[in-house]
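Open the model in your viewer and keep the selection panel at hand. We will go stop by stop.

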Amino acid sequence: MTVEPIDPASPAPSDFIRDIVAQHVAEKRYPKIITRFPPEPNGYLHIGHAKAICIDFGIARENNGQCNLRMDDTNPAKEEVEYVDAIVTDVKWLIAGWADHCLGFKPKGATPAAQTVNGRPDYHLAAASPGSGLADAEPFFASHYFDALYAFAVKLIEQGRAYVCDLSAKDTDDYRGAPDRPGRNSPFRDRSVAENLDLFARMKAGEFPDGARSLRAKIDMAAPNMWLRDPLLYRIRHTAHHQTGDAWCIYPLYDYAHCLSDYIEGVTHSLCSLEFTDHRPLYDWILESLALPRPLPHQYEFSKLRPTYTLVSKRKLIHLVTEGVSAGWLSGWDDPRMPTISGIRRRGVPASAVRRFAIGAGVTKFISTTEIAVFEHAIREELNTLAQRRLAVLKPVKLVLTNLAAGEIIACTATNNPQDETPTTRTVHLTREIFIESDDFAEVPPPKYFRLKPGGEVRLKYACIIRCDEVVKDAAGAVTELRCTADLTTRAGEPNSDRKVKGTIHWVSATECVDAEVRLYDRLFAVPEPDADGDFLKHINPHSLEVVTAKLEPSLKGATTEQYFQFERLGYFVLDPKDAQPARLVFNRTISLKDTWAKAPGGK
RNA sequence: UGCCUGAUGGUGUAAUGGUAGCACAGGCGACUUUGACUCGCCUAGUCAUGGUUCGAAUCCAUGUCGGGCAGCCA
């Protein structure tokens, strides 16, 4: 196994779960640490899942272990293959270069093997050798364990620990009681083993309609923990499954399938979010009841990641996408404003930044809200080192350098990334007519404005200092052209290159630039907690997208979707992977640069 | 009125009986051919009340406040 260099985003984190794992490693409790990431394929992964992925895979990679990607697909009514594919893509993207070697996939088509361990029957499914080419491998699927799960259920029935119940859904609810009031035993609770076995087999054979019967664990209807009041193990659903087709009409419920899926895969540490804490006694009950021959997995819970200015609820995201797409203000699940992994990726956020954020959020049991500024900071930090600098003007104003001849071209050397140890350069051409940012000129400058103003001087980045001699306006009084003089002796390498002026602005040649559609994205919601009043649609940020036609330096014609760019003084940008074409440049703004001036009294 | 779970600056997170630290955010300044980056300084915290102890964010008790649980969802 190759040892990954310590990721800057995870400088040996320590938390209560890692402490437990470290102790288990120290006492050699398991031959190998195996975790799992178990999404249900009923929606797209979002930033909240990123934290779970980073914990599950992070703990695996720190312990030379493995993390299985498993579809928790026990409810065919809600799940689709489209989601399976999207989840696999997102997980692979997020862990690429960081924990690929820990990704647990199984051989394609493999199902748990029946085996005997210490004279006891068992089912086990090992991963395809992790990391070594996953060509003939696929994620794990809970649905691929249906035979094993059924066999285990039969065993529970034989032990008298499960029974077939004929109560309707409503009656089941009534019998369950309430948190502060004990439930009552189902009238079907004391059926004989033989009758239960027969009925369960007939449930499987499809003899009964949906909801007519269920298989229940026989635990304690008076238990203070609601999940121990004879929870359902199987329900009848005459519904085709995206993996198993029409093979089954009974489907296991989460609590029954999850713990056994963990066990079948040899998972050692089953990490989940806080709301499953109440389920843990049931998780343990099922596993312990079966007298299984191999070490049992254990569940540990942590608090979810909940960032401000967005939503991390699958149900609400579905609502958001449905509404937004039909109303036309959102392009879909991967809209660059969405908190989905696919949206974040399309926006141009590097996976390393997502990891840095998710890992930095920490692992605790405290229900917390993380300011989105922390994410934005992580994005800027990663992109600062990754992005190639380029010149681009978003809202152009024409500027004429009156002392340059019409066809004159002055080659200027521009640095690609000053953060590199040995920065490379490229050439940009200064010409008589250029564009500058309209924000970089003010006819009546506010206090402390050190950009261009009438009679004032400013440096053109990588070029020279210019002085504004004349402001040309149209009939309406709008500035149409600035006429300036260039002081060519202030260019790099020229005698006056050290001359200081307060402001430096970006520019592009008007005769050599290329046009591009640039999508300026901002936060999707206008308030920190969009769902605080239960009506998040009301709080959509009306300025979350502004589309401009920008002027770019010509080198950007060769941009690829894999490249991160910083348009100097503006922000970080990537080619939109969906809409950009060779003949049509479309850039997404990932995030703006920090803008101290914008916060100043005179700025904006 | 049951069970589970939690509480450290504005936010997140460390300190595992021994100096309450770090990051983000905010403020001030330095530097700057990006008002970026970087650097320096500042603001600001142990839910409450008792107890144990030489010493408590940490252990104990009580209280307060928050979150979760009554899907044939996961």
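Which of the 69 residues around RNA strand B come nearest? Select Arg389, Arg451, Gln566, Arg569 and Thr596: these are the ones. Bear in mind throughout that this is a predicted model.

**Stop 1: confidence**

Colour chain A by pLDDT. The mean is 95, and 97% of the residues reach 70 or more. Now select residues 1–11. Here the pLDDT is below 50. In the model this stretch has 20 contacts beyond near neighbours in sequence. Where pLDDT is low, the predicted coordinates should not be read in detail.

**Stop 2: the surface near RNA strand B**

Show the protein residues near RNA strand B. They divide into 25 nonpolar, 19 polar and 25 charged. Next, turn to the RNA side. Of the RNA atoms within 4 Å of the protein, 65% belong to sugar or phosphate, and the rest belong to bases.

- Glu40: a polar atom of its side chain lies 3.5 Å from a sugar or linking oxygen of RNA strand B.
- Asn75: an N or O atom of its side chain is 3.0 Å from a sugar or linking oxygen of RNA strand B.
- Leu167: here a polar backbone atom is 2.6 Å from a base nitrogen of RNA strand B.

Which elements give two or more residues to this surface? Select α5 (169–176), β11 (232–236), α12 (372–386) and α13 (596–599).

**Stop 3: strand β11**

Stay with β11. Of its 5 residues, 4 are buried, so the strand is largely enclosed by the rest of the structure. Pick Arg216, and you will find its bridge partner in β11, Leu232.

**Stop 4: helix α8**

Select residues 280–289, helix α8. Because 7 of its 10 residues are buried, this helix is largely enclosed by the rest of the structure. The buried residues are Leu282, Tyr283, Asp284, Trp285, Ile286, Leu287 and Ser289. What do they pack against? Show α4, β10, α7 (254–265), β13 (269–273) and β14 (298–302). Then step just past the helix to Ala291, which takes a positive phi of about 50 degrees.

**Stop 5: Ala142**

Go to the loop between β8 (140–141) and α4 (146–158), and pick Ala142. Is Ala142 buried or exposed? It is buried, with a relative accessible area of 0%. Show what Ala142 touches beyond four places away in sequence: Arg70, Met71, Asp72, Asp73, Thr74, Leu149 and Ser261. Now draw a C-alpha to C-alpha distance from Ala142 to Thr172. The two are 30 residues apart in sequence and 26 Å apart in space.

**Stop 6: a sheet of 7 strands**

Last, display the open sheet ordered β24-β21-β22-β23-β17-β20-β25. The pairing is mixed. Look at the edges, where β24 (504–505) and β25 (507–509) stand. Each has a single partner strand, so one side of each is left without a neighbour in the sheet.

Pick Val397 to finish: its bridge partner in β20 is Ile436. In a regular strand, side chains alternate between the two faces of the sheet.

Note on methods
Residues numbered from 1 in each chain as written. Chains lettered and ligands numbered in written order. Predicted model: local features only at pLDDT ≥ 70, side-chain atom pairs only at ≥ 80, totals over all residues. Heavy atoms only, no water. Pairing = 2+ DSSP bridges. pLDDT = per-residue confidence, 0-100. Contact = heavy atoms within 4.5 Å. Buried < 20%, exposed > 50% of the residue type's maximum accessible area, 1.4 Å probe, protein only. Near = heavy atom within 4 Å. Polar contact = N/O pair within 3.5 Å; in protein donor to acceptor, adjacent residues only side chain to side chain. Nonpolar A, V, L, I, M, F, W, Y, C, P; charged D, E, K, R; others polar.
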